[in-house]
Amino acid sequence: MGVSDITDHLAEAIEGFYNALGHTHRPIELHPPYFSKTEAQAVTETLASGWVAMGGPMVKAFEQVIADYVGSKHAVATVNATAALHLSLLVSGVQAGDLVITQSNTFIAPVNAIRYCGAEPIFVDVENQSLGLCSEALTEFLASQTSCRDGVCYHNDTQRPIRALLPVHVLGHPVKMSALRGLAETHHLQLIEDAAEALGSAIMCDGHMMRCGRWGDLGVISFNANKIITTGAGGMVLTDDDRVAEQVRHLASIAKTGSGEHGQFDAVGYNYGMPNLNAAIGLAQWQKFEEIGATKQALAMHYQEALAAVPDVRFVTGHPDHFSNAWINAVVFEAPDIAKQVLNDLRAQGFMARALWEPLHQSVVYQDCLQGPLPNTEYLASRTLQLPSGIGWGYQTSS
Ligand SMILES: Cc1ncc(COP(=O)(O)O)c(C=O)c1O
């Protein structure tokens, strides 16, 4: 099958689903938000209440619905998930000079958050199936390049402490959290789960599905405009630990202790709390979460079936005993030049597919960082395309 035939199959698959959904305009973007009168009304009411800044009743209510849904004891809403990751690393004790193990195949935010702490990432390879951190590669890395003393894991060559493990559920596909949790425990690493893209994804645990975001010591969700539901910009830290939750909340609200005439502060805090206005949008979006989730599952199924007969194209499904929220659907091609050609052709037709991110170990910012062998990371980066996966197209007045 030639490249143009592959493009035709993909274009037909995209077109078929979106036309049936009533979206006949072009271009079809990768993942636009889905808004209707519900969000407009929530914004109007919140403006009328006068409480638009952080700490309002909408924030509390939004934290509660997400904590209940994910199954975590505490949720702290933040301005975005990058801030949530920064706080999670800080309260995990990550300091200047420390190392944090993560993956190169990710949106840059978690790695930037490591740098905000003055720490450095170590990149370990990802698995082909889920695109996320590979537990086998991590096992090998820990065995060959680290040693533990007095409850601290050290990187052998640099003798720097490795304080935390930060895996990412890429495009919504869960990584093998049970295995990673075991490795984090035996190597004294704080486990911070980047579930920014994975609200609704879950992993089988002792006979039941446990949602992404509650596997680590801390979990992080994003409500950025391109996520499965959005607050415009927003994030959340999830944890079961009372003390950690309190620390996160305190740091997110500028570490303020005083009240009344004199504000007092007991640490270098951050203005990272989610504004009430954004939380109001989040609560309105939450009403659509089930509908969005079901439509996204239908889209993923549609792509999978439509592409099953196309040779040399693998539709990314993640692990069979994991549940993916199907945030962004992706395909992996046999060869990088096919991926490039198909991408150009799809975009020329108004289907805004995208390549995966540039691997961070090859970026100008992080090219000098420590790393293990990264064959899967490099293989996937040059061959993977993200396909249009939103189910909205801006503000829909009909709903
Ligand atoms: C894996 C991952 N982590 C973190 C973030 C940061 O989220 P935010 O944009 O809410 O800061 C994103 C993207 O938005 C992401 O995709």
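Which backbone atom lies 2.8 Å from an oxygen atom of the ligand? The views below take this up. The model is predicted: local features need pLDDT of at least 70, side-chain atom pairs count only at pLDDT 80 or more, and totals for chains, interfaces and linings use all residues. Residues are numbered from 1 along each chain as its sequence is written, and side-chain values use heavy atoms, leaving out hydrogens and water.

View 1. A backbone N or O atom of Ala-81 lies 2.8 Å from a ligand oxygen. In the side chain of Glu-197, an N or O atom is 2.5 Å from an oxygen atom of the ligand. Ser-222 places a polar side-chain atom 2.8 Å from a ligand oxygen. A polar contact here is a pair of N or O atoms within 3.5 Å. The protein buries 93% of the 380 Å² that the ligand exposes when taken alone (Shrake-Rupley areas, 1.4 Å probe).

**View 2. The shell around the ligand.** The shell holds 16 residues (a heavy atom within 4 Å). Thr-82, Asp-194, Glu-197, Ser-222 and Lys-227 come nearest. By class, seven are nonpolar, six polar and three charged (Asp, Glu, Lys and Arg count as charged; Ala, Val, Leu, Ile, Met, Phe, Trp, Tyr, Cys and Pro as nonpolar; the others, Gly among them, as polar).

**View 3. Helices at the ligand.** Helix H4 (81-91) and helix H5 (109-116) each give two or more residues to the shell. H4 gives the most, with three residues. Helices are DSSP runs of H or I, at least four residues, numbered from the N terminus.

How values were computed
A polar contact is a pair of N or O atoms within 3.5 Å; within protein, one must be able to donate a hydrogen and the other to accept it, and residues adjacent in sequence count only if both atoms are side-chain atoms.
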